[in-house]
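Here are my notes for someone meeting this structure for the first time. Have it open beside you as you go through the points.

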Amino acid sequence: MAKKKQGQRGYITLECSECAERNYRTSKRLSGGLPKLDLTKFCKRCRKHVPHKERKK
């Protein structure tokens with residue numbers, strides 16, 4: 001089995017754009033100058049689908 005290289009992927013947190021609650025955590029490739037994630041996800045506090053933006057831990 002191939003060994004994963006350390007430092008290429010890291011965890012980020014997705015924060016609701018309306019209530020600012022941090023609901024989701026996902027992994028992302030850190031190198032390469034990728035733009036920040038902006039996904040439409042379900043917010044438990046708002047009880048609707050709203051855009052969630054990438055924030056640091």
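This is a predicted model: local features need pLDDT of at least 70, side-chain atom pairs count only at pLDDT 80 or more; totals for chains, interfaces and linings use all residues.

1. Reading from the N terminus, the elements run β-β-β-β. Residues are numbered from 1 along each chain as its sequence is written, and side-chain values use heavy atoms, with hydrogens and water left out.

2. How are the four strands arranged? They make an open sheet with antiparallel pairing, in the order E2-E1-E4-E3. E2 and E3 sit at the edges, each pairing on one side only. Averaged over the sheet and ignoring direction, neighbouring strands are turned by 40° against each other; the axes here are lines fitted to C-alpha atoms (for helices, over the stretch in contact), and angles run from 0 to 180 degrees between N-to-C directions. Two strands count as paired if DSSP finds at least two bridges between them. In general, strands of a sheet pair through backbone hydrogen bonds, either parallel or antiparallel.

3. For a closer look, take E1 and E2: they run antiparallel and are joined by seven bridges. Within this part of the sheet, Leu-14 stands opposite Tyr-24 in E2.

4. Now the cysteines. There are zero disulfides in the structure, a disulfide being a pair of cysteine sulfur atoms within 2.5 Å. Cys-16 is in none, and its nearest cysteine sulfur, that of Cys-19, is 3.7 Å away. Cys-19 is in no disulfide either; for Cys-19 the nearest cysteine sulfur belongs to Cys-43, at 3.6 Å. Cys-16 counts as buried because its relative accessibility is 2%, and Cys-19 is buried too, at 19%. The cut-offs are under 20% relative accessible area for buried, over 50% for exposed and partly exposed in between (1.4 Å probe, protein chains only).

5. What does Arg-45 touch, leaving out residues up to four places away in sequence? Cys-19 and Glu-21, where a contact means heavy atoms within 4.5 Å. With Glu-21, the side chain of Arg-45 makes a polar contact of 3.0 Å (a pair of N or O atoms within 3.5 Å; within protein, one must be able to donate a hydrogen and the other to accept it, and residues adjacent in sequence count only if both atoms are side-chain atoms). Arg-45 lies in the loop between strand E3 (38-43) and strand E4 (48-55) and is exposed, at 56% relative accessible area. Its C-alpha is 9.3 Å from that of Cys-16, 29 residues apart along the chain.

6. Please check the backbone at two loop residues. Most residues other than glycine have a negative phi. Ala-20, however, has a positive phi near 65°; Ala-20 is in the loop between strand E1 (9-16) and strand E2 (22-29) and is partly exposed, at 47%. Arg-47, also not a glycine, has a positive phi of about 60°. Arg-47 belongs to the loop between E3 and E4 and is exposed, with 66% relative accessibility.

7. Finally, the chain as a whole: 23% of its 57 residues count as buried. Of the contacts with a separation of 6 or more, 36% are between residues 24 or more positions apart.
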